[in-house]
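The overall fold is treated before individual residues.

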Amino acid sequence: MVQEKRIVGIMGGTFNPIHVGHIQIAIAAYQQFHLPEILIMPSGNPSSYKDTQELASASHRCNMIYLAIKNYSYMKLSTLEINRQGKTFTSDTLEELKPLYDTIYFIIGADSLFALETWHKAAYVMNHCHFLAANRNRHKSQELLNQIEYLKTTYQATIDLIETRDYPFSSTDIRNKVSKNKNIDKMVGAEVAQYIKNHKLYQS
């Protein structure tokens, strides 16, 4: 009997908070690359987060993720990075998951392709996962294609683009709106918006 290949998608980030753009990228990755499962994996102690004072607690971020993904059977909350001590590095996550899966798809924004070389153990990361980069504005600029070709040639990276619509806001924009008591339902969904309100998150 041939054992079925174990395949997983990972979407990492601070998710501070998770928003509809994250969800739509995960849906697009699932549909376009036929991923059986996507782990939504919030960072515990992110190595690159700029303002930790604005970072909601791990439990709040996990609760918001649960509310945002509960209707998608193929999306699962993973607390692997939350539970790890010290700084959160993608290389450590891949090392931990490598024995469990034959193929790991790592979902990122296309802009992150220009920073990949600065990641901790960048060469290791690029050799141990298949990157799916969300090209949110739906055009493959020559600069982006050149960068993909460079990473493939230099690091033997495996990279494909996810086509998805652009969302003209970020988690930073959402936090700013919350601090000004503006409505964010369409950005994060009604349940996450209510959770943020109930727990007084991101208020100045």
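1. Secondary structure. The protein chain contains 9 helices and 6 strands. The coordinates belong to a predicted model, and the confidence of that prediction is taken up in the next point.

2. Confidence. The mean pLDDT of the protein chain is 91, and 92% of the residues score at least 70.

3. Overall dimensions. The protein chain has a radius of gyration of 17 Å; for 204 residues a compact globule would have a value near 17 Å, so the two agree. The C-alpha trace spans about 50 × 40 × 30 Å along its principal axes.

4. Packing and contacts. Of the 204 residues in the protein chain, 48% are buried. When contacts with a separation of 6 or more are considered, 78% of them involve residues 24 or more positions apart.

5. Backbone geometry at proline 17. Most peptide bonds are trans, and most residues other than glycine have a negative phi. Against that background, the bond joining asparagine 16 and proline 17 deserves a check: this peptide bond is cis, with omega about 5°. Proline 17 is placed in the loop between strand S1 (7–13) and helix H1 (20–33).

6. Positive phi at lysine 121. Which phi value does lysine 121 have? Its phi is positive, at about 50°, although the residue is not a glycine. Lysine 121 belongs to the loop between strand S4 (103–109) and helix H5 (122–127). Its relative accessible area is 46%, so lysine 121 counts as partly exposed.

7. Positive phi at lysine 200. A positive phi, near 55°, is also found at lysine 200, a residue other than glycine. Lysine 200 is located in the segment after helix H9 (190–198). Is lysine 200 buried or exposed? With a relative accessible area of 59%, lysine 200 is exposed, since the cut-off for that class is over 50%.

Conventions
Residues numbered from 1 in each chain as written. Predicted model: local features only at pLDDT ≥ 70, side-chain atom pairs only at ≥ 80, totals over all residues. Heavy atoms only, no water. Helix = DSSP H or I, 4+ residues; strand = E, 2+ residues; numbered from the N terminus. Rg over C-alpha atoms; globule rule 2.2 N^0.38 Å. Buried < 20%, exposed > 50% of the residue type's maximum accessible area, 1.4 Å probe, protein only. Contact = heavy atoms within 4.5 Å. pLDDT = per-residue confidence, 0-100.
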